[in-house]
Amino acid sequence: MGPRAESYDLFLCHAWDDRRETATELHDLLEARDVSVWFSERDIILGLPFMREIDKGLAKTRIGLVLITPAFLKRIERGGVSEKELSELLARDLLIPVAHGVTYDEIRAISPLLGSRNGLSTDEDSLEDIARKIAELVAL
């Protein structure tokens with residue numbers, strides 16, 4: 001689709017494996033609540049340099065949102081795009097982790113800094129409730 005905005009509320013960091021299901025669902029739920037989300041599946045135009053577009057997306061957002069799944073944890077252990085995005089997002093004051101199919105103990109075992117952030121979990125809330133809570137935070 002291509003870039004839609006000059007700035008966004010959130011940058012959605014996710015594993016490549018999650019892009020068509022959970023990440024898309026979370027993106028759509030947030031946008032339905034008028035939260036603007038930079039999402040690689042929607043914002044990178046075909047043919048453009050992938051990493052440079054991610055870099056631009058990171059620069060255009062004020063809050064990091066990390067969808068942490070088993071696939072995400074594997075990706076950051078191996079290094080790669082998700083690990084690079086996470087490194088930049090951890091430097092921000094506001095980073096929202098969302099655990100999906102993993103525990104915070106599992107997260108801390110791989111990324112103590114990420115696991116130490118106050119976040120949300122689909123073990124406790126539905127994705128719809130998580131989107132609502134994030135939308136309320138963004139509105140502050």
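This is a predicted model: local features need pLDDT of at least 70, side-chain atom pairs count only at pLDDT 80 or more; totals for chains, interfaces and linings use all residues.
1. **The overall layout.** The protein is built from eight helices and five strands. Read from the N terminus, the elements come in the order β-α-β-α-α-β-α-α-β-α-α-β-α. Its radius of gyration is 14 Å, close to the 14 Å that the globule rule gives for 140 residues, so the protein is as compact as a globular protein of that length.

2. **Box and burial.** Along the principal axes, the C-alpha atoms fill a box of roughly 40 × 35 × 30 Å. Of the 140 residues, 47% count as buried.

3. **Contacts along the chain.** Take the contacts between residues at least 6 apart in sequence: 69% of them join residues at least 24 apart.

4. **Helix α1 and its buried side chains.** Helix α1 covers residues 22-32, and its buried residues are T22, A23, T24, L26, H27 and L30. What do these buried residues pack against? Their partners are the strands β1 (8-13), β2 (37-38) and β3 (61-68), together with the helices α2 (40-43) and α8 (127-139). After α1 comes D34, which has a positive phi, near 65°.

5. **How α1 meets α8.** Two packed helices are described by the angle between their axes and the distance between the axes. For α1 and α8, the angle is about 50° and the axes lie 9 Å apart. The crossing of α1 past α8 is right-handed.

6. **Who touches whom.** On the α1 side, the residues that meet α8 are T22, E25, L26, L29 and L30. On the α8 side they are L127, E128, I130, A131 and I134. Sorted by class, this contact has seven nonpolar, one polar and two charged residues. T22, L26 and L30 are also among the buried residues of α1.

7. S126 and H100 are 26 residues apart in sequence, and their C-alpha atoms are 9.9 Å apart in space.

Conventions
Residues are numbered from 1 along each chain as its sequence is written. Side-chain values use heavy atoms; hydrogens and water are left out. Buried means under 20% relative accessible area, exposed over 50%, partly exposed in between (1.4 Å probe, protein chains only). Helices (H or I, at least four residues) and strands (E, at least two) are DSSP runs, numbered from the N terminus. Contact means heavy atoms within 4.5 Å. Axes are lines fitted to C-alpha atoms, for helices over the stretch in contact, and angles run from 0 to 180 degrees between N-to-C directions. A crossing is left-handed if the near helix is turned anticlockwise from the far one by less than a right angle, and right-handed if clockwise. Ala, Val, Leu, Ile, Met, Phe, Trp, Tyr, Cys and Pro count as nonpolar, Asp, Glu, Lys and Arg as charged, and the others, Gly among them, as polar. The radius of gyration is taken over C-alpha atoms; the globule rule is 2.2 Å times the number of residues to the power 0.38.
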